[in-house]
Amino acid sequence: MIILGSTGSIGAQALDVARRLECSVVALTANRDAKALEAQIREFRPQAAALADEAAARELKRAVADLPTRILSGPEGLRECAAMEADCALNSITGIAGLPSAIAALEAKTPLALANKESLVAGGALVTRLATEGRVPILPVDSEHSAIFQALQGLPPSPEGGPDISALRRIILTASGGSFYGKSRGELAGVTLAEALRHPSWRMGAKITVDSATMMNKGLEIIEAAWLFGLPQERIDVVVHRQSVVHSLIEYRDGSVLAQLGVPDMRSPIQYAITYPARLPSPVKRLQLAEWGSLSFEAPDEESFPAMRLARGALQQGGLAPTVLNAANEAANALFRAGKIRFLRITELVASALEGVKPTGDEHSLADIFAADQAAREYVQKIFKN
């Protein structure tokens with residue numbers, strides 16, 4: 001397999017799964033953490049590895065000069081690793097930076113285990129077209145989308161391939177509620193980054209943890225689900241489930257509801273994506289419902305947390321609006337993590353960008369996607385400085 005973004009939280013957990021399953025790791029990529037990638041190279045001995053940061057790649061090349069692993073660098077190096085021959089490419093690169101690698105894997109006809117939701121949010125039309133034309137499966141790694149994918153396996157196949165979703169009424173994504181569940185908009189005004197990063201259930205990177213706190217992560221997942229499962233946003237619901245045991249649900253036209261449950265551990269959906277359609281033993285703790293006592297479900301508070309409403313609006317608008325949403329959120333999220341804006345300003349900047357940036361390009365063009373992305377980032381920076 002190939003692991004893209006191997007030094008991040010999901011990448012490290014994917015390597016743990018690969019270690020236990022004794023998978024051969026063909027290639028590894030990361031952003032700039034040469035030291036962590038060196039340790040992974042020495043353990044897994046991939047054919048190639050790449051760092052996006054070229055200076056860090058030069059450092060890594062010197063550090064592993066005693067090994068046969070080819071060291072590549074920059075965007076081209078990441079794409080070359082993604083396009084290598086493998087049974088599966090797991091993409092856990094953070095943000096839209098993962099889109100070119102997703103495209104490279106699909107063009108190489110490699111099944112794509114997707115933990116990088118931004119690839120579908122920003123480039124959904126392009127990514128799904130490549131997957132459909134090449135008959136390459138996209139296997140969701142996000143716990144919610146993996147749950148939907150698993151629940152759909154009982155459906156008969158459609159003539160086009162994949163499960164026939166004509167019997168579905170809707171899908172129901174669960175949300176943990178993030179670090180600030182239950183807080184009013186007034187209470188959110190003074191929250192800190194340290195508080196935002198205290199997620200109650202999941203161990204994730206800083207960017208996605210802040211997205212969870214704003215509920216933008218769930219908004220992005222609504223868009224991702226629309227592309228993965230071919231449903232309009234009106235048939236994608238969200239329910240807050242603090243225990244993160246029910247990972248998501250599907251409802252049939254006859255009212256029957258199926259759910260996928262498990263302890264909150266990302267190694268479960270990672271392993272299922274890697275081994276699909278097989279199910280192999282896992283060290284993940286078994287679910288004992290009696291230990292949880294009760295499971296709760298509530299409607300999300302979209303007044304205090306308007307991010308999902310913004311995401312639904314961008315999806316409804318179509319075209320490159322989701323690209324603008326994603327780029328503005330990445331930029332605003334980064335400003336908050338850098339201590340330059342307050343928490344509530346994140347979604348305010350995203351809303352402003354959706355109003356102020358009106359790209360006219362083609363959502364099937366990678367160049368137009370990145371042009372819209374850049375325009376949204378520049379808009380956020382301009383508004384922030386003013």
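User: Which residues line the largest cavity?
Analyst: This is a predicted model, so keep that in mind. The lining is made of Arg185, Thr214, Ser304, Phe305, Pro306, Phe343, Leu344 and Thr347.

User: What volume does that cavity have?
Analyst: About 40 Å³. Searching the whole structure turns up one cavity of 30 Å³ or more.

User: Phe343 is in that lining. What is phenylalanine 343 in contact with, leaving aside neighbours within four places in sequence?
Analyst: Phe180, Leu188, Val191, Ala213, Thr214 and Phe336. Thr214 is also one of the cavity-lining residues.

User: Which residues of the largest nonpolar core touch the most other members?
Analyst: Ile171, Leu325 and Phe343. That core has 89 residues. Helix H15 (residues 321–337) gives the largest share, nine residues.

User: Switching to strands. What is the order in the open sheet of four?
Analyst: E9-E8-E10-E11, with mixed pairing. E9 (236–240) and E11 (257–261) are the edge strands. Each has a single partner strand, so one side of each has no neighbour in the sheet. On average, neighbouring strands are turned by 20° against each other, direction ignored.

User: How many bridges join E8 to E9, and do they run parallel or antiparallel?
Analyst: Five bridges, and the two strands run parallel. E8 covers residues 168–175. Threonine 174 sits opposite valine 239 in E9.

User: Which helix packs on the sheet?
Analyst: Helix H7, residues 143–151. H7 touches E8, E10 (246–252) and E11. The direction of H7 makes about 40° with that of E10.

User: And E8 with E10, parallel or antiparallel?
Analyst: Antiparallel, again joined by five bridges. Isoleucine 171 stands opposite isoleucine 250 there. Ile171 is the residue that came up for the largest nonpolar core.

User: How many residues of E10 are buried?
Analyst: Seven of the seven, so E10 is largely enclosed by the rest of the structure.

User: What about E10 and E11?
Analyst: They pair in the antiparallel sense over five bridges. Valine 246 has leucine 261 in E11 as its bridge partner. The hairpin has four residues between the strands. Glycine 255 in that hairpin takes a positive phi near 95°.

User: Helix H14 next. Which of its residues are buried?
Analyst: H14 covers residues 307–317. Ala307, Met308, Leu310, Ala311, Arg312, Ala314 and Leu315 are the buried ones.

User: What do those buried residues pack against?
Analyst: Helix H10 (206–214), helix H11 (216–229), E9, H15 and helix H16 (345–356).

User: What comes just after H14?
Analyst: Glycine 318, with a positive phi of about 75°.

User: Last one. Where is proline 283?
Analyst: In the loop between helix H12 (267–275) and helix H13 (289–292). Proline 283 is partly exposed, at 43% relative accessible area.

User: Which residues does proline 283 touch, not counting those up to four places away in sequence?
Analyst: Arg20 and Arg267. Arginine 20 is 263 residues apart from proline 283 along the chain, yet their C-alpha atoms are separated by 8.9 Å.

How values were computed:
Residues are numbered from 1 along each chain as its sequence is written. This is a predicted model: local features need pLDDT of at least 70, side-chain atom pairs count only at pLDDT 80 or more; totals for chains, interfaces and linings use all residues. Side-chain values use heavy atoms; hydrogens and water are left out. Two strands pair if DSSP finds at least two bridges between them. Axes are lines fitted to C-alpha atoms, for helices over the stretch in contact, and angles run from 0 to 180 degrees between N-to-C directions. Contact means heavy atoms within 4.5 Å. A nonpolar core is a set of buried Ala, Val, Leu, Ile, Met, Phe, Trp, Tyr and Cys residues joined through side-chain atoms within 4.5 Å. Buried means under 20% relative accessible area, exposed over 50%, partly exposed in between (1.4 Å probe, protein chains only). On a 1 Å grid over the protein atoms alone, a cavity is a set of points where a 1.4 Å probe fits but cannot get out, and a pocket is an open set with protein on both sides within 12 Å along at least five of seven lines; lining residues have an atom within 4 Å of a point. Grid points are joined across faces, edges and corners, and a volume is the space filled by probe spheres set on the points.
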